[in-house]
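I opened this entry to record what I looked up, one item at a time, with the cut-offs noted where each term comes in.

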Amino acid sequence: MGDSGPAVETQCSRRDCRASATWALVWNNPKVHTPERRKVWVACDEHREYLSDFLDRRGFLREVTPMAEFEG
């Protein structure tokens, strides 16, 4: 009881990466989205920094959370 079913396997958002995602990168483009809107990319350990930097340079990155703790 209390089990919400099988865990969903997520794959890194980096193009051509097939690794399992271990991080949730929460972002928002203020020119397109309302302030409360949140989009999510997921990343493996290898690509977390690359994808985070990409979003942060544009001012889009809001938070980086381990997938085990992500409630999105």
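In what order do the three strands form the open sheet, and is the pairing parallel or antiparallel? I find the order β2-β1-β3, with antiparallel pairing; strands pair here if DSSP finds at least two bridges between them. Before going further I note that this is a predicted model, in which local features need pLDDT of at least 70 and side-chain atom pairs count only at pLDDT 80 or more, while totals for chains, interfaces and linings use all residues. I also note that residues are numbered from 1 along each chain as its sequence is written, and that side-chain values use heavy atoms, with hydrogens and water left out.

**Sheet.** The open sheet, ordered β2-β1-β3, has β2 (39-43) and β3 as its edge strands, each of which pairs on one side only. The twist averages 25° from one strand to the next, where axes are lines fitted to C-alpha atoms (for helices over the stretch in contact) and angles run from 0 to 180 degrees between N-to-C directions. Five bridges join β1 to β2 in the antiparallel sense, and in β2 the bridge partner of W23 is A43. β1 and β3 are likewise antiparallel, over five bridges; in β3, V26 has E63 as its bridge partner, and L25 has V64. I then checked how covered β1 is, and four of its five residues are buried, buried meaning under 20% relative accessible area, exposed over 50%, and partly exposed in between, with a 1.4 Å probe and protein chains only.

**Core.** Which residues make up the largest nonpolar core? I list C12, C17, L25, W27, A43, C44, L51, L55, F60 and L61, 10 residues in all. β1 (23-27) and α1 each supply at least two residues of this core. By nonpolar core I mean a set of buried Ala, Val, Leu, Ile, Met, Phe, Trp, Tyr and Cys residues joined through side-chain atoms within 4.5 Å.

**S52.** I looked up this serine next and found it in helix α1 (residues 48-57). S52 counts as buried because its relative accessible area is 6%. With its neighbours within four places in sequence left aside, S52 is in contact (heavy atoms within 4.5 Å) with L25, L61 and V64.

**Cysteines.** How many disulfides does a search of the whole structure find? The search gives zero, a disulfide being a pair of cysteine sulfur atoms within 2.5 Å. The cysteine sulfur closest to that of C12 belongs to C44 and is 3.8 Å away, so it is too far for a bond. C17 is in no disulfide either, the nearest cysteine sulfur, again that of C44, being 3.9 Å away. Both residues are buried, C12 at 6% relative accessibility and C17 at 10%. Apart from its neighbours within four places in sequence, C17 is in contact with Q11, C12, C44 and H47.

**Aromatic rings.** I searched the whole structure for aromatic pairs and found three; rings of Phe, Tyr and Trp (its six-membered ring) pair if their centres lie within 6.5 Å, and planes under 30 degrees apart count as stacked, over 60 as edge-to-face and the rest as tilted. Why does the pair of W27 and F60 count as stacked? The ring centres are 6.0 Å apart and the planes lie at 20°, so the pair is stacked. Since W27 lies in strand β1 and F60 in the loop between α1 and β3, the pair ties together parts that are 33 residues apart in sequence. Both W27 and F60 are buried. Ring pairs also link W27, W41, F54 and F60 into a cluster.

**Exposed positions.** I place D16 in the segment before β1, where it is exposed at 63% relative accessibility. D16 has a positive phi of about 70° although it is not a glycine. A68 lies in the segment after β3 (61-66) and is exposed too, with a relative accessible area of 81%. The C-alpha atoms of A68 and T22 are separated by 7.5 Å, the two residues being 46 residues apart along the chain.
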